[in-house]
Amino acid sequence: MAAKLTALGITGTVSASTVRRWLREDALKPWQYRSWIFICDPGFRAKAQRVPDL
């Protein structure tokens, strides 16, 4: 993840331990994939936009 952040230009060079610390401090757990929601519907954005418009 550290390499990907650097490659995408999101951060400068960071170590894996720094990324682990950020995730721990923010209580993010991407390794617990079952708790994450991955939306596969290509029309989701249009459907979800109706909610804030209500």
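**View 1. How much of the protein is tucked away.** Buried residues make up 13% of the 54 residues in this predicted protein model; buried means under 20% relative accessible area and exposed means over 50%, with partly exposed in between (1.4 Å probe, protein chains only). The protein exposes about 5000 Å², and carbon and sulfur atoms supply 61% of that (areas by the Shrake-Rupley method with a 1.4 Å probe).

View 2. You'll find three helices and zero strands here, where a helix is a DSSP run (H or I) of at least four residues, a strand is a run (E) of at least two, and numbering goes from the N terminus. Average pLDDT, the predictor's confidence in each residue from 0 to 100, is 78 for the protein, and 74% of the residues score at least 70. Confidence is highest in H1 (residues 2-7), with a mean of 88, and lowest in H3 (residues 44-53), at 78.

**View 3. The largest nonpolar core.** Five residues build it: Ala2, Leu5, Val14, Val19 and Leu23. Such a core is a set of buried Ala, Val, Leu, Ile, Met, Phe, Trp, Tyr and Cys residues joined through side-chain atoms within 4.5 Å.

View 4. Thr18, Val19 and Leu23 are buried in H2. They sit on the same side of H2 because they cover an arc of only 135 degrees around the axis, taken from the directions from the helix axis to the C-beta atoms. On the other side, Arg20, Arg24 and Glu25 are exposed.

**Notes.** Residues are numbered from 1 along each chain as its sequence is written. In this predicted model, local features need pLDDT of at least 70, side-chain atom pairs count only at pLDDT 80 or more, and totals for chains, interfaces and linings use all residues, while side-chain values use heavy atoms, leaving out hydrogens and water.
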